[in-house]
Amino acid sequence: MNVNKKRLRRTMMFLNAQKPGLIKDPYIYKPDSIILDLEDAVAENQKDAARFSLYHALQEIDYHGVERVVRINALDTPYWKEDIRCSVAGGCDSIRIPKTECAQDVKLVESEVEYAEREFGRPKGSVLIMAAIESARGVMKALDICEASDRLFGIALSGGDYTKDLQTHITGTGVELMGARQNLVIAARAAGVQCFDTVYTDLNNMEGFRQDVEIIHLMGFDGKSIINPRQINTVHEIFTPSLKDIIFAEKVVKEIDSKKAQGIGVFTVDGKMIDIAFYDGAKRTIELAKASGVYKGDL
């Protein structure tokens, strides 16, 4: 069983699970993950049709290694249990829980996923979970949510519903999202899981999108939810280490490995003072570069 909670997830692209034209070949754009949506994108009277489309897509389409996440309907609807059965039976990689507000929401979904794995002969633990945080309560309970299940690989902010709950709106500046963004990143890091930012919906403002991605990259996010293939390259560029970053990380790792053996704790690399605290960050840079396909070294 190959389940990688830490796999590269710079981009997670939403697609309406009901539309064959959207879900037949999104891998050509090379997102890291796709989110096949059974929730907001699908009308109330089309849920069964969407599941039918989803199941056959998961069964019949080769997505060429792109992770296949399914966003189920909310837990206060009559649809979510059948969404999970269909998704697990089809062979999805992960379930995205919308409107997550507490650890119990994750545990409920985990229980249904376990049941579906047994029912459809999937290996135990093969289907992962992620939780979307869409309310003030969800933000305040983020750490509990992150620690609710070993299956949970990450959490994601859903800015539209969150700002409504906060009684404000999306401004494009990021000011209204700053508190939630930082709280979610802190909770995710404390729990050892990944963290993903909300979508940027103004497709005509690519400069604003770039600025938004640069901000969340600096804040420590692992990636961003997106709604259009045009947004993929920008996110991948910003979240992939540059050659300069890789070379410096290599030097840091080699120097620390060397100096540690000599009992030296502090030294300089390219004129910068370095100590052991830089080691893990440098190793992460190299691992990210490897996962992104831009590093062929052997550290």
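The legends below describe close-up views of one predicted model. Residues are numbered from 1 along each chain as its sequence is written, and side-chain values use heavy atoms, with hydrogens and water left out. In this predicted model, local features need pLDDT of at least 70 and side-chain atom pairs count only at pLDDT 80 or more, while totals for chains, interfaces and linings use all residues.

**View 1. Domains of the chain.** The domain assignment gives domain 1 (11-239) and domain 2 (243-292); such bounds come from an automatic or database domain assignment. The C-alpha centres of domain 1 and domain 2 lie 34 Å apart. An unreviewed UniProt entry annotates residues 10-229 as "domain: HpcH/HpaI aldolase/citrate lyase". UniProt positions are given in the numbering used here, feature names are shortened, and annotations may be inferred rather than shown by experiment. Residues 10-229 are 42% helix and 18% strand, with end C-alpha atoms 13 Å apart. Helices (H or I, at least four residues) and strands (E, at least two) are DSSP runs numbered from the N terminus.

**View 2. The annotated binding site.** The unreviewed UniProt entry places the feature "binding site" at Arg71 and Glu134. The positions are spread over 64 residues of sequence but cluster in space, with a largest C-alpha distance of 13.6 Å. Both Arg71 and Glu134 belong to the lining of the second largest pocket. On a 1 Å grid over the protein atoms alone, a pocket is an open set of points with protein on both sides within 12 Å along at least five of seven lines, and lining residues have an atom within 4 Å of a point.

View 3. Arginine 71 lies in strand 3, which spans residues 67-71. Arginine 71 counts as buried because its relative accessibility is 8%; buried means under 20% relative accessible area, exposed over 50%, and partly exposed in between, with a 1.4 Å probe and protein chains only. Leaving aside residues up to four places away in sequence, its contacts include Phe14, Asp37, Glu39, Arg96 and Pro98, where contact means heavy atoms within 4.5 Å.

**View 4. Glu134 and Lys99.** Glutamate 134 sits in the loop between strand 5 (128-133) and helix 5 (136-140) and is buried, with a relative accessible area of 4%. Beyond residues up to four places away in sequence, glutamate 134 touches Pro98, Lys99, Ser158, Asp161 and Tyr162. A polar atom of the glutamate 134 side chain lies 2.9 Å from the backbone nitrogen of lysine 99. Lysine 99 is in the loop between strand 4 (94-97) and helix 4 (103-120) and is partly exposed at 34% relative accessibility. Lysine 99 has a positive phi of about 55° although it is not a glycine. Most residues other than glycine have a negative phi.

**View 5. The loop at His64.** Histidine 64 lies in the loop between helix 2 (47-60) and strand 3. Histidine 64 also has a positive phi of about 55° without being a glycine, and at 54% relative accessibility it counts as exposed.

**View 6. Nonpolar cores.** The largest nonpolar core has 60 residues, and Leu36, Val109 and Ile155 have the most contacts inside it. A second, separate core of 13 residues includes Ile246, Ile256, Phe267 and Ile286. A nonpolar core is a set of buried Ala, Val, Leu, Ile, Met, Phe, Trp, Tyr and Cys residues joined through side-chain atoms within 4.5 Å.

Notes: 1 Å grid on protein atoms, 1.4 Å probe; cavity = no way out; pocket = protein on both sides within 12 Å on 5 of 7 lines; lining within 4 Å. Polar contact = N/O pair within 3.5 Å; in protein donor to acceptor, adjacent residues only side chain to side chain.
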